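Welcome! Let us take a walk through this structure together, one part at a time.

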Amino acid sequence: MSNAKLSGEVYYPSKEILEKAHIKDWDELNEYATNNNEAFWEEKANELHWFEKWNKVLDDSDKPFYKWFVGGKTNIAYNCLDIHIKTSRRNKLALIWEGENGEGKTMSYFALHREACKFGNVLKSLGVKKGDRVTIYMGRIPEIVIAMLACARVGAIHSVVYGGFSVESLAERIEDSNSRVLIVSDGAYQRGKIVPLKQIADEALQRCGTVEHCVVVKRTGAEVNMEFGRDMWYNELMNLPQASRECSLEQMDAEDPLFILYTSGTTGKPKAILHTHGGYMVGTYTSLKYVFDIQEEDRYWCAADPGWITGHSYIVYGPLLTGTTSFMYEGAPNFPYPNRWWAMIEKYGINILYTAPTAIRGLMRFGESWVNRHDLSSLRLLGSVGEPINPEAWKWYHRVVGKEKCPIMDTWWQTETGMFMITPLPCVPLKPGSGTKPFPGIVMDVVDEKGKSVKANEEGYLVIKTPWPAMIRTVWKDPERYVQQYWSKYPGVYLTGDSVRRDEDGYYWIIGRVDDVIKVSGYRLGTAEIESALVSHSAVAEAAAIGLPHEVKGNAIYAYVILKAGAVKTNTLTEELRQHVSHEVGPIAKPEHIEIVDSLPKTRSGKIMRRVLKARALGQDPGNISTLEE
């Protein structure tokens with residue numbers, strides 16, 4: 001960065017950090033990557049393995065359906081595993097895992113490759129072919145990583161469903177993806193209790209008829225129903241002769257689908273974001289290497305869940321592509337005590353911690369003494385993801401956890417972007433609460449309703465003006481929705497759906513979603529999903545959901561319901577409705593508060609005005625309500 005004086009509160013990188021950094025001058029790299037964008041990404045792609053080189057870096061002839069590394073043949077699983085076992089990384093630890101109950105497991109690159117090959121052969125024996133969809137529904141255990149890599153290896157498209165989602169959510173995603181195989185664990189440990197994943201899956205499978213085989217991983221030892229002819233134990237399949245250690249690998253076209261991942265939209269139906277082998281691989285590899293300054297000896301911990309994009313890009317693919325040792329923990333941050341994370345950082349010598357502001361705020365509540373009981377001197381870099389981090393939490397994280405020596409990489413990106421989009425590199429001066437600037441070569445802007453750039457410190461829509469390798473390719477089975485949602489407001493420009501301001505130094509400050517999506521603990525939940533769940537209850541006629549600020553979760557869900565004639569308002573009913581949403585969507589979506597009302601503010605066309613509900617709840621002026629029905 002240039003040495004020009006920056007405004008506001010600024011934290012500059014130390015000499016030690018700069019000496020070790022891959023990139024020492026952000027401005028220089030950004031100028032090169034912006035002016036020579038295709039050449040920059042081609043150089044990064046050349047650091048990875050291709051069976052056949054591309055004949056074109058970027059094909060923009062059918063905008064907005066961009067294609068990257070056209071004609072190139074690769075396989076992301078080959079780059080995650082095979083490439084390393086031919087080098088000195090063969091016996092390097094790929095994964096260190098700790099269960100909530102204290103169990104531990106480590107896997108070298110060689111061992112992870114062996115298990116992914118074996119499970120790839122299991123999938124083939126179940127009839128899985130290139131292009132088939134496989135749904136994965138598990139907790140944070142090594143088998144989720146093995147399953148994803150095995151799918152990629154044989155050319156299947158994986159669809160990972162977060163283990164906190166309910167029957168309805170799982171069934172909907174299996175049905176939409178037309179998955180023939182489901183991989184599930186018997187259960188998952190969460191705060192000392194067992195989440196009955198297989199039981200939830202059984203109920204989901206009664207609702208959708210596409211799944212022929214269900215592979216069950218034994219994790220908790222809970223008693224589960226095993227349906228003859230459909231359900232098989234993972235460990236038994238892995239011991240069969242057909243699960244050999246040699247698994248032939250599909251050479252994938254750069255544009256062949258790698259996975260679909262469902263994300264909440266403004267309509268009730270979640271949309272399946274499609275990512276491909278080539279561009280996604282180049283984007284996640286480059287962004288992780290530069291932003292977290294990955295060094296050969298690092299032990300890196302992304303504390304997200306593999307069921308979200310953060311887990312896909314920065315627990316599974318990014319770390320393995322860069323040959324990193326990655327740590328994974330199964331359970332809750334404060335179980336059984338609030339020092340669980342700090343104890344593991346000390347025990348395993350973690351160098352990099354990447355987590356969500358929700359977790360930081362949750363751990364802040366327990367004070368500093370739990371952190372100070374442990375030696376966290378191994379930490380070099382910290383990271384934040386999922387939502388904007390408020391300055392108070394940023395400063396606590398920096399001072400108490402990082403001991404004022406660990407820069408915080410505050411990253412903004414989306415399921416759709418596949419990789420970090422606004423983020424510092426370790427050489428960049430930091431401002432608490434700002435994600436700083438776009439990743440080198442990514443051109444972004446803040447625009448008004450008409451698409452004109454706004455002045456410094458004015459709020460506007462965040463847009464991306466140039467394509468990038470890890471970008472969404474389409475919405476699965478719905479290309480029109482892809483164009484409509486992301487490219488129609490400002491033709492030729494990608495609309496992120498977030499509002500933002502950019503200060504006089506060009507630093508970006510994310511404000512939040514502009515559509516009806518609520519971010520709870522960093523997870524996106526559509527208001528329509530929550531409202532649909534409420535209305536599915538026999539006592540509810542109509543519902544509206546909003547997000548209100550919450551000191552730990554970032555946002556909490558508040559719901560308003562109108563009861564059907566004959567239904568009686570009681571405390572028992574409101575609690576029953578909260579539990580009903582939890583069952584239908586998942587515990588993460590359980591409303592903090594439900595208010596039973598006689599009417600809802602609506603426009604004359606019948607659209608519920610959630611901003612009016614929000615203003616009322618916060619005691620604010622609801623603004624222009626001229627479009628309200630009487």
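**Two strands to start from**

Strand β8 (residues 181-185) and strand β11 (residues 213-217) run parallel, and five bridges join them. Keep in mind that what you see is a predicted model. To find your place in this pair, look for V184, whose bridge partner in β11 is V216. Strands of a sheet pair through backbone hydrogen bonds, and they may do so in a parallel or an antiparallel way.

Next, let us turn to the empty spaces inside. Rolling a probe the size of a water molecule over the atoms shows where empty space is left. The count here comes to four cavities of 30 Å³ or more. The largest cavity has a volume of about 50 Å³. Which residues line the largest cavity? They are A94, L95, L112, V145, I315, V316, P319, L320 and S326. The largest share, four residues, comes from α11. By class, the lining of the largest cavity divides into eight nonpolar residues, one polar and no charged.

The second largest cavity holds about 40 Å³ of space. Around the second largest cavity you will find V160, V161, Y162, F165, R173, L261, Y262, G307 and W308. Its lining has seven nonpolar residues, one polar and one charged.

There is a further sheet to explore. Four strands form this open sheet, in the order β21-β22-β24-β25, and the pairing is antiparallel. Its edge strands are β21 (444-447) and β25 (508-513), each of which pairs on one side only. From one strand to the next, the twist averages 45 degrees. Within this sheet, strand β22 (residues 459-464) and strand β24 (residues 494-502) pair in the antiparallel sense over five bridges. A handy place to look is G460, which stands opposite V500 in β24.

Our last stop is a pair of helices. Helix α2 (residues 26-35) and helix α3 (residues 37-45) pack at an angle of about 105 degrees, and their axes are 4 Å apart. Angles of 65 to 115 degrees count as roughly perpendicular, which makes α2 roughly perpendicular to α3. Which residues meet where these helices touch? From α2 come L29, Y32, A33, T34 and N35, and they meet N37, A39, F40 and E43 in α3. By class, this contact of α2 with α3 has five nonpolar, three polar and one charged residues.

Note on methods:
Residues numbered from 1 in each chain as written. Predicted model: local features only at pLDDT ≥ 70, side-chain atom pairs only at ≥ 80, totals over all residues. Heavy atoms only, no water. Axes fitted to C-alpha atoms, helices over the stretch in contact; angles between N-to-C directions. Parallel < 35°, antiparallel > 145°, perpendicular 65-115°, else oblique. Contact = heavy atoms within 4.5 Å. Nonpolar A, V, L, I, M, F, W, Y, C, P; charged D, E, K, R; others polar. 1 Å grid on protein atoms, 1.4 Å probe; cavity = no way out; pocket = protein on both sides within 12 Å on 5 of 7 lines; lining within 4 Å. Points joined across faces, edges and corners; volume = space filled by probe spheres on them. Pairing = 2+ DSSP bridges.
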